[in-house]
Amino acid sequence: MQDDKDIWEAFRSGDESSLQIIFDKYYAPLFNYGHRFSADDHLIEDALQDLFVKLWKNRDSIKDTNSVKNYLYKSFRRVLLRILEVQQRKYSFAVLDEWSEPGGEMAYDQTMISRERLEEIRGNLLAALEKMTPRQREIIHLRYYEEMEYEEIAALMQLSVSSTYKLLYKAIDTLRQYLSKTDLLILLTAVSLKKI
Amino acid sequence: MEYQHRDYTQYTATAFFEDEQFIHHVLKWDDEAIAYWQQLSALYPDKRNAMEEARAWILLLNKQPVYKPATDKLQLWEKIAGDIAVSNSREQRYYRPLKLVAKWTAAAAAVLLFIVMIRELSSHGEKSYSTTFGKHEQVVLPDESVVTLNGNSSIYYSRSWKSDKPREIWLNGEAYFEVKHVAIKNRWQQSDSFQVHVSDLALTVLGTKFNVRNRRNITEISLLEGRLRIEKNGPGAFVKILKPGDAFAYDSSKQLLQEMERKPQANKAWTANELDLDGYTLQEILDVLEDNYGYNITLEAPALAQKRLSGTVPANSAEDILFVIRKVFNLKINQKADHLIISQN
């Protein structure tokens with residue numbers, strides 16, 4: 001974090017190589033975030049180019065920031081949504097059905113969860129995400145993937161902190177409604193199996 | 001992270017999924033966190049399923065692979081660097097110099113503002129007007145009285161004229177006053193008066209028209225309307241009340257007040273751009289030219305100094321007056337810049 005701040009400071013005072021360091025570091029995460037909004041890689045590239053050229057042009061008026069990451073995400077999101085708006089594309093946030101193979105973290109008490117059960121959970125989660133609105137999906141992504149705090153999400157999505165809480169609550173409620181149904185189903189099958 | 005023990009008996013999978021401490025444990029699992037949650041799952045065996053499910057959700061969401069675009073990162077940076085180079089060369093040509101100009105302009109404006117403020121403050125809230133040689137100026141005072149300044153003259157007064165104090169004004173040179181009457185009839189008070197400070201005199205009036213000329217230690221006061229009180233304090237103190245038509249001259253070197261030969265109407269002729277010659281000697285006319293128009297005059301025919309004329313001449317400019325005296329007295333006028341050498345032809 002301190003590193004980020006120093007590099008940001010150097011960039012603001014006119015050091016182009018510092019901007020390149022920032023670009024190197026945030027290219028992949030920003031592209032990954034942008035990919036959720038649009039599957040068009042060239043469009044994401046345009047947005048990134050626009051963002052970094054603007055950063056350079058406005059370097060004199062850019063303020064110091066507590067989090068370079070949040071600053072970049074917020075600016076990138078704005079630039080990207082603007083491009084999408086101009087092209088009259090609807091705001092969307094994709095559900096990706098690619099998942100990492102559960103690695104070490106998942107394995108520490110494998111005894112408690114079977115591979116089949118994990119597949120089932122994954123399928124349920126995917127289905128629940130599909131049911132969510134794009135904004136709900138985005139907030140889930142920011143909270144669980146980007147690991148952002150409520151205040152950071154609020155600033156990024158240009159919401160008040162209380163609306164951010166509300167939006168996340170609704171997203172999780174969608175999850176709950178969907179999953180409780182399948183939970184009930186599992187329970188029923190278990191009961192019927194017992195009968196036999 | 002400080003663990004706060006909570007009651008988990010009512011917790012479902014979604015409740016764990018939302019729980020700050022639970023998320024932290026799943027994502028940042030250190031020994032302390034693992035120990036805490038293992039203890040918890042032993043404590044609530046019926047919650048193990050829910051906990052595991054929530055854990056799986058969090059991990060599935062968190063450990064998604066980073067998207068790998070088909071486009072090239074380095075190529076994109078090259079495009080950005082190209083744009084930056086273009087913007088840099090433009091900046092050097094236009095924006096930077098402009099910014100510099102703007103910066104200096106702002107600095108200059110700030111300095112100017114500072115100077116103006118200092119001047120305003122140091123003048124103690126006084127307002128002043130002055131004229132250069134050969135120019136007249138009309139000044140409307142806060143009470144709507146009008147002062148006409150002759151050339152090379154100045155007035156100043158306190159900016160804040162309070163209604164409970166006499167209106168006071170200081171004069172150098174020559175001015176014609178048309179003072180507005182502010183007193184209510186028959187209820188005159190000190191505060192209604194208007195005071196002109198000139199030389200070491202104080203002239204006090206109500207609503208009047210009068211001319212004051214203060215040149216070369218001589219102060220001439222000519223009253224056209226109303227009443228005027230001349231007051232001299234200190235050594236040789238006196239008070240004199242003037243009636244309309246009175247014209248008095250005060251010599252401050254002798255502290256002597258004498259009635260004048262010239263009449264008030266003649267003394268204010270300058271306000272109509274005329275010079276009433278009745279009662280003027282040639283020397284006095286030359287003095288007017290020096291005082292009001294800034295000439296430096298040498299008269300090389302001393303015999304003419306006390307000669308007199310009568311009539312009114314136009315005085316739109318010094319040339320008008322010079323033309324008349326040259327013709328009438330048959331003079332030769334040799335001009336070098338502002339220096340006039342006058343001799344008999």
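A residue is called buried when its relative accessible area is under 20%, exposed when it is over 50%, and partly exposed in between. The model to which this scale is applied here is a predicted one.

**Exercise 1. Describe the overall make-up of chain A, and then examine the salt bridge between Lys25(A) and Asp4(A).**

Step 1. Chain A holds nine helices and zero strands, and of its 196 residues 46% are buried.
Step 2. Among the contacts in chain A with a separation of 6 or more, 70% come from residues 24 or more positions apart.
Step 3. The side chains of Lys25(A) and Asp4(A) form a salt bridge at 2.9 Å, N to O. This pair links distant parts of the chain, with Lys25(A) in helix α2 (residues 16-37) and Asp4(A) in helix α1 (residues 2-12), 21 residues apart.
Step 4. Asp4(A), with a relative accessible area of 5%, is buried, whereas Lys25(A), at 47%, counts as partly exposed.

**Exercise 2. Work out which parts of chain B are tied together by the salt bridge between Asp143(B) and Arg167(B), and state whether these residues are buried or exposed.**

Step 1. The two side chains meet at 2.4 Å, N to O.
Step 2. Asp143(B) lies in the loop between β2 (137-140) and β3 (146-149) of chain B, while Arg167(B) lies in strand β5 (residues 167-178), so the pair ties together parts that are 24 residues apart in sequence.
Step 3. Both Asp143(B) and Arg167(B) are buried.
Step 4. Elsewhere in the list of salt bridges, Glu174(B), Arg213(B), Glu220(B) and Arg262(B) are joined into one network through shared partners. Over all chains, the count comes to 25 salt bridges.

**Exercise 3. Characterise the contact between chain B and chain A, from its extent to the elements that supply it.**

Step 1. The contact takes 43 residues from chain B and 51 residues from chain A, and the two chains bury about 5000 Å² between them, 61% of it on carbon and sulfur atoms.
Step 2. Leu60(B), Tyr67(B) and Trp77(B) supply 15% of the area that chain B buries against chain A, more than any other three residues.
Step 3. Between the chains there are 13 residue pairs in polar contact and two salt bridges, including the one in which Glu20(B) meets Arg143(A) at 3.1 Å, N to O.
Step 4. On the side of chain B that touches chain A, α1 (13-18), α2 (20-27), α4 (48-62) and α5 each supply at least two residues, and α5(B) gives the most, with 13 residues.

**Exercise 4. Locate Ile115(B), and state which surface patch includes this residue.**

Step 1. Ile115(B) is placed in helix α5 (residues 73-122) of chain B.
Step 2. At 43% relative accessibility, Ile115(B) counts as partly exposed.
Step 3. Together with Val111(B), Phe114(B) and Ile118(B), Ile115(B) forms a nonpolar patch on the surface, with about 380 Å² of accessible area.

How values were computed: Residues are numbered from 1 along each chain as its sequence is written. Chains are lettered from A and ligands numbered from 1 in the order in which they are written. This is a predicted model: local features need pLDDT of at least 70, side-chain atom pairs count only at pLDDT 80 or more; totals for chains, interfaces and linings use all residues. Side-chain values use heavy atoms; hydrogens and water are left out. Helices (H or I, at least four residues) and strands (E, at least two) are DSSP runs, numbered from the N terminus. Buried means under 20% relative accessible area, exposed over 50%, partly exposed in between (1.4 Å probe, protein chains only). Contact means heavy atoms within 4.5 Å. Patches are made of residues with over 30% relative accessible area and no salt bridge: like charges are joined within 9 Å, nonpolar side chains (Val, Leu, Ile, Met, Phe, Trp, Tyr) within 5 Å. Accessible areas come from the Shrake-Rupley method with a 1.4 Å probe; for residues, only the protein chains shown count as cover. A salt bridge is a side-chain nitrogen of Lys or Arg within 4 Å of a carboxyl oxygen of Asp or Glu. Buried area is the accessible area (1.4 Å probe) that two parts lose on being put together, summed over both. A polar contact is a pair of N or O atoms within 3.5 Å; within protein, one must be able to donate a hydrogen and the other to accept it, and residues adjacent in sequence count only if both atoms are side-chain atoms.
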